Amino acid sequence: MAEYAVLAGRSVRLTRRNPDAVITSLVLPVLLMLVFVYFFGGAIETGTTKYVTYVAPGVLILCAGYGASMTATTVSVDMTNGIIDRFRAMDTSGTAVLTGHVAASVARNTAATAAVLGVAFAIGFRPQAQLTGWLAACGILLLYITTLSWLGAAAGLLAKSPEAAGGFTFVMLFLPYPSSAFVPVETMPDWLHGFADHQPVTPVIESLRGLLLDQPTGNSPWLALVWCLGLLAVTLPVCAALFRRRTA
Amino acid sequence: MYPAAQAGWAIETQGLSKAYGSVTVLSGVDLRVASGSVFALLGPNGAGKTTTVRILATLTLPDAGRATVAGRDVRRERSQVRRAISLTGQYAALDEAQTGAENLRMMARLRGHSRASARSRAAELLDRFSLTEAADRRVGTYSGGMRRRLDIAAGLVTDPQVMFLDEPTTGLDPRSRRTMWEAVGTLARAGVTVFLTTQYLEEADQLADRVAVLDGGRVIAEGTPQELKKTVAAQRLDLTMAGPDAYEAAAARLAGRLLHRTPEGLVLGVATDGSAAHVRALLDEVDPQRTDVARFAVHSPTLDDVFLELTHG
C-alpha cells in the first residue's frame with residue numbers, strides 16, 4: 001500500500017511542476033467558462049435559467065476532459081523514457097504506477113473544479129442544491145473524472161509517444177459538445193438527438209445540473225453510474241493487458 | 001577454464017535465445033559471472049547486449065534457455081531476482097522534474113524504507129556520489145555525468161547483490177567517464193557483482209575481471225582481458241623512417257613480413273615478440289648504417305585489436 005501512496009505523491013509533484021499541466025487544467029477551464037458565458041451565452045436560449053447557471057456544470061465536465069486527457073501524456077512519458085523499467089526492476093507493480101497517475105489526475109481536476117466553481121459564483125452562478133445534492137453531484141463528478149483518467153491511462157499505454165497519446169484523447173474533449181453540456185439537445189438537428197441522448201456525457205451532465213439546481217433528475221444519476229462503472233469495468237482490465245503487452 | 005568462485009556464480013545462463021519476430025537477437029548465450037566480480041559484455045551496436053541485460057533483470061522473457069541471477073531463476077522467481085538486483089539502463093531513468101534528493105527518497109520508499117530512513121539513505125548516497133550540492137536541484141538541470149551518477153545512486157538505495165549497468169558511459173565526456181569508472185571500482189570493492197555492457201574496449205580492459213565478446217547474438221570469446229589480448233598473438237614494432245628513400249629501402253628488405261605500411265607517415269609495422277634482443281636485431285637488419293630509422297615504438301595489442309580480429313577476422 002505504501003508504494004501506491006509514494007507513487008501518487010510523485011505524480012502530484014510532477015503535475016505541479018509541469019507548467020503545461022497547470023495551465024491546461026486550471027487556466028483553460030476558467031477561460032472557457034468566460035468564453036461560453038460572455039461570447040456565446042448572449043445568443044443561447046436556455047429558458048428561465050440564466051446561461052451561466054446552465055453552462056457551469058458543462059464547463060466542469062469539459063475541464064474534467066482536459067485534466068484527464070493529460071493522464072495519457074504522463075503515462076506515455078513513463079512508458080517511453082525508461083523509468084518504467086527501473087520501477088519494474090524494483091518489483092514495483094505497474095498498477096501502482098498507473099494508479100499514481102490517475103490519483104494525480106483526480107487531484108488536478110479537483111483543483112480545476114474548485115477554480116471553475118469559484119469563477120462561476122463570481123459571475124452569477126446560483127445553484128439551489130442542498131447538502132445532499134452537492135454531495136451526490138460531487139460523487140458523480142468524481143466518478144466521471146476517475147473513469148476518464150483511466151481511459152486516458154489506457155490511451156497512454158496504447159500510444160507509441162507522448163504526443164500521439166495526447167492525440168488519442170481528442171474523443172474525450174469532443175464528447176461534451178454533442179451533449180446537453182452547452183446547449184439544449186432539442187436545438188440540435190434531429191439526427192444528432194439519438195447520439196446526444198445516448199452517450200455517457202449527457203446523463204452525467206443532466207445529473208449534475210439537476211442535482212445542483214435542485215430540479216428533477218429522472219434516472220440520469222443511475223444512467224451516469226452505469227456508464228461510468230461499465231466503462232471502468234472494461235478499461236481496468238484493458239489497462240492491465242496493455243501494460244503487460246507493452247512491457248513484455 | 002573459469003576461476004574458482006568462493007560464493008558460487010552470481011549469474012549463470014545456458015542457451016539463452018531471443019528473437020523479435022523474424023529478427024534473432026540472441027542465439028544460445030552461455031555466461032557465468034563469479035560473485036563479487038566485475039564482468040563486461042562487450043560488443044558492437046545490435047550485438048544483443050541490452051537484450052541480455054533485460055532478460056537477466058527480468059524485464060524481458062527469453063524464448064529459450066535458462067538464467068539464474070543471485071541463485072534465482074529469472075523466469076520463475078522474478079520477485080526474488082528483482083529484490084537482489086538493480087538496473088541502470090542506457091537512458092537515465094529519473095524524473096527530470098524532481099530534485100536529485102526527491103528521486104532517491106522515492107526509490108528508497110518504493111523499496112520499503114520508512115520516511116526517515118529514506119531521507120538518510122538518500123543523503124548518504126548523494127554524498128557518496130558527490131551530488132550533495134546539487135541535491136535540491138531538479139534533475140532536468142543536471143549535466144550528463146551528474147545524471148549518470150544519480151542513476152547509479154538510485155540503483156544502490158537497497159544494497160543490491162548484483163548490479164546491471166547498460167552502457168554506463170555512453171555519451172559521457174572523458175572526465176565523467178573517469179568518475180563513472182571510479183564509481184564502478186567502489187562498487188566492486190564493496191563486494192557487489194557488477195555486470196556491465198560497453199562498446200568501449202578500453203572500458204572493459206580498465207574495469208572488468210572477465211570479458212565476454214558478444215557478436216551477432218552469440219558469445220564469440222570469453223576470458224580475462226589479458227587472455228583475450230593473447231589471442232592476437234604477437235606484439236608489433238612500428239618504425240618511422242627518416243625519409244622516402246629510407247622508407248622504400250626498408251619496405252623492400254622486410255617485404256613479406258610487414259604487418260602494415262603507412263607511406264604518408266613513413267611508418268612500417270613488423271611483428272616482434274617484444275624482447276629487447278629481437279627489437280635490436282630487427283633495427284640492425286632494417287638499418288645497418290643506423291641512419292634510416294628516425295623513431296620506433298613497440299605496441300602491445302589492445303582489446304580493439306582483439307575485437308576487430310574476432311568480429312571481422
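I began with Glu167(B) and Lys49(B), whose side chains meet in a salt bridge at 3.4 Å, N to O. This pair joins distant parts of the chain, 118 residues apart. Glu167(B) sits in the loop between strand E7 (162-166) and helix H6 (174-189) of chain B, and Lys49(B) sits in helix H1 (residues 49-56) of chain B. I count a salt bridge when a side-chain nitrogen of Lys or Arg is within 4 Å of a carboxyl oxygen of Asp or Glu. Glu167(B) is buried at 3% relative accessibility. Lys49(B) is buried too, with a relative accessible area of 4%. My terms: buried is under 20% relative accessible area, exposed is over 50%, and partly exposed is in between (1.4 Å probe, protein chains only). Helices (H or I, at least four residues) and strands (E, at least two) are DSSP runs, numbered from the N terminus.

Ground rules: this is a predicted model, where local features need pLDDT of at least 70 and side-chain atom pairs count only at pLDDT 80 or more, while totals for chains, interfaces and linings use all residues. Residues are numbered from 1 along each chain as its sequence is written, chains are lettered from A and ligands numbered from 1 in the order in which they are written, and side-chain values use heavy atoms, with hydrogens and water left out.

I found 19 salt bridges over all chains. One of them pairs Arg86(A) with Asp151(B) at 2.4 Å, N to O. This pair crosses between chains, from helix H4 (residues 83-89) of chain A to helix H5 (residues 144-155) of chain B. Both Arg86(A) and Asp151(B) are buried.

Next I looked up Glu206(A) and Arg209(A), which meet at 3.6 Å, N to O. Both lie in helix H10 (residues 201-213) of chain A, three residues apart, about one turn of the helix. Glu206(A) is partly exposed at 30% relative accessible area, whereas Arg209(A) is buried at 6%. I also noted a network of salt bridges that links Arg10(A), Asp78(A) and Asp95(B).

Chain B is divided into domain 1 (9-229) and domain 2 (235-312). These bounds come from an automatic or database domain assignment. Their C-alpha centres lie 41 Å apart.

Which residues of helix H10 (residues 276-286) of chain B are buried? I list Val279(B), Leu282(B) and Val286(B). They share one side of H10(B), because they cover an arc of only 60° around the axis. The arc is taken from the directions from the helix axis to the C-beta atoms. The face turned away carries the exposed residues Ala276(B), Ala277(B) and Arg280(B). The buried residues of H10(B) pack against strand E11 (235-241), helix H9 (244-254), strand E13 (267-272) and strand E14 (293-299) of chain B. Contact here means heavy atoms within 4.5 Å.

**Positive phi**

Most residues other than glycine have a negative phi. Asp91(A) is not a glycine, yet has a positive phi of about 65°. I placed Asp91(A) in the loop between H4 and helix H5 (94-122) of chain A. Asp91(A) is partly exposed at 24% relative accessibility. Ala70(B) also has a positive phi, of about 50°. Ala70(B) lies in the loop between strand E4 (64-69) and strand E5 (72-73) of chain B. At 25% relative accessibility, Ala70(B) is partly exposed.
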